Amino acid sequence: FFFQIFDAFKSRLHDSNSKVNQVALETMHKMIPLLKDNLSPVINMLIPAMVDNNLNSKNPGIYAAVTNVIQALCQHLDNYLLLQPFCTKAQFLNGKAKQDMTEKLA
């Protein structure tokens, strides 16, 4: 059930409509403190969905929303859960997104 919900939610995190995308990221930011480590089964699916198109976004609202989500993940989840997906993203992203992910890893 948990997977079905987040599988559907995942597509909103990289929706082509920037307003939908931004609201999904802002919603994710609100959900993280509530769900905390319960997100562990879906974290490897969510991080790429959140980061791939959003961390290099030229839209300031989307960029702010995704950086807030990443910060909330770092505050509320066990760092062990974030290590692998963050390393993978830092390795394969480019530009500002690569720099942001590398800084979070450090």
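Residues are numbered from 1 along each chain as its sequence is written. Because the model is predicted, local features need pLDDT of at least 70 and side-chain atom pairs count only at pLDDT 80 or more, while totals for chains, interfaces and linings use all residues; side-chain values use heavy atoms, with hydrogens and water left out.

**Stop 1: helix α1**

Select residues 2-13, which form helix α1. Helices here are DSSP runs (H or I, at least four residues), numbered from the N terminus. Display the side chains of F6 and F9, which form an edge-to-face aromatic pair, 6.2 Å centre to centre with 85° between the planes. Rings of Phe, Tyr and Trp (its six-membered ring) pair if their centres lie within 6.5 Å; planes under 30 degrees apart count as stacked, over 60 as edge-to-face and the rest as tilted. F6 and F9 are separated by about one helical turn because they are 3 residues apart in helix α1. F6 counts as buried because its relative accessibility is 3%, and F9 also counts as buried, at 17%. Buried means under 20% relative accessible area, exposed over 50%, and partly exposed in between (1.4 Å probe, protein chains only).

Remain in helix α1 and select D7 and K10, which lie 3 residues apart, about one turn of the helix. A salt bridge joins D7 to K10, with the closest N and O atoms 3.6 Å apart. The term denotes a side-chain nitrogen of Lys or Arg within 4 Å of a carboxyl oxygen of Asp or Glu, and the structure holds 4 salt bridges. D7 is partly exposed at 43% relative accessibility, as is K10 at 26%.

**Stop 2: D52 and K89**

Next, select D52 and K89, whose side chains meet in a salt bridge (2.6 Å, N to O). This pair links distant parts of the chain, 37 residues apart: D52 is in the loop between α3 (43-51) and α4 (60-76), and K89 is in helix α5 (residues 79-92). D52 is partly exposed at 33% relative accessibility, whereas K89 is buried at 12%.

**Stop 3: helix α6**

Select residues 95-105, helix α6. D100 and K96 lie 4 residues apart in this helix, about one turn, and their side chains meet in a salt bridge (3.0 Å, N to O). D100 is buried, with a relative accessible area of 10%; K96 is partly exposed at 41%.

Then select K104, also in helix α6. Is K104 buried or partly exposed? K104 counts as partly exposed because its relative accessibility is 33%. Not counting residues up to four places away in sequence, K104 touches I70, Q71, C74 and F86, a contact being heavy atoms within 4.5 Å. K104 and Y80 are 13 Å apart in space, C-alpha to C-alpha, and 24 residues apart in sequence.

**Stop 4: helices α2 and α4**

Finally, select α2 (residues 18-35) together with α4; the two helices pack at an angle of about 20°, with their axes 9 Å apart. Axes are lines fitted to C-alpha atoms, for helices over the stretch in contact, and angles run from 0 to 180 degrees between N-to-C directions. The angle therefore makes α2 roughly parallel to α4; angles under 35 degrees count as roughly parallel, over 145 as roughly antiparallel, 65 to 115 as roughly perpendicular and the rest as oblique.
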